[in-house]
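I opened the notebook to record what I looked up in this structure. The entries follow in the order in which I made them.

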Amino acid sequence: MGLRFGPFTLDEPARQLLRGEQPIHLSPKAFELLALLVHRRPEALTKAEIHERLWQGTFVSDVSLAVLVAEIRAALGDDARHPQFVRTVHRFGYAFSGTVSGIERSRASGSGLTTCYLTWGAERAGLMHGENLLGRGPAADVRIDAVGVSRRHAMIVVADDVATLHDLPSKNGTYIDDVRVTSPVLLAVGAEMRLGPVLVRFHRSPALTSTQTLNASRLTRRG
């Protein structure tokens, strides 16, 4: 799924900002900040929370944050005095004020089904070709309804015989072998990932039938 606002598209799995089909350069930290503000819209985030999300355990001044905001505004052609996208909340922090819509691929019943699937607890969910959104929100392709899992927590992209894991970024992090995911990670069969407090295992089987695959929108964690 991509996120569109104005003439721009935020493609998180590809870590690209596009204007139409033209890529627009953003530094890695600026991209992370933009994604964070977009996902938390219209909520205003404090500078302290942004610092913790972008520079965990590392002290940086507010100047570093201001530089990232200026970079984002320059990329979007935004005006600090009359912002269309990134709003300054004086003596507090920043908020995203643009209107956002999602761009989803078609998920016709049974089409695009792969041999990849996930398990956690007593639950199981098949993965589709392309982007698979993992999270607690109702729009998630694989819904993991547990405290500590973000509404849009992580993404698994399946292409041919390769699956990669991406953090979106989530509040409580996505981990492989207790190492936080900060860039796309190739998933091996049996790989165990942690989404906040929830352990999820990646599998591949020779075939999945319709009786083996659950409707992701109905998946909830049994407790």
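I took buried to mean under 20% relative accessible area, with exposed over 50% and partly exposed in between, for a 1.4 Å probe and protein chains only. I noted that the model is predicted, that local features need pLDDT of at least 70 and side-chain atom pairs pLDDT 80 or more, while totals for chains, interfaces and linings use all residues. Residues are numbered from 1 along each chain as its sequence is written, and side-chain values use heavy atoms, without hydrogens and water.

Entry one: the chain. I found 3 helices and 19 strands in the protein chain, taken as DSSP runs (helices H or I, at least four residues; strands E, at least two) numbered from the N terminus. Of its 223 residues, 46% are buried.

I looked up which residues of helix 2 are buried, and they are Ile50, His51, Arg53 and Leu54. They cover an arc of only 165° around the axis (from the directions to the C-beta atoms), which puts them on the same side of helix 2. These buried residues pack against helix 1, strand 5 (45-46), helix 3 (62-76) and strand 7 (93-96), where contact means heavy atoms within 4.5 Å.

Helix 1 (residues 28-40) and helix 2 (residues 47-54) pack at about 125°, their axes 11 Å apart; axes are lines fitted to C-alpha atoms over the stretch in contact, and angles run from 0 to 180 degrees between N-to-C directions. I recorded that Lys29, Glu32, Leu33, Leu36, Leu37 and Arg40 of helix 1 meet Glu49, Ile50, Arg53 and Leu54 of helix 2.
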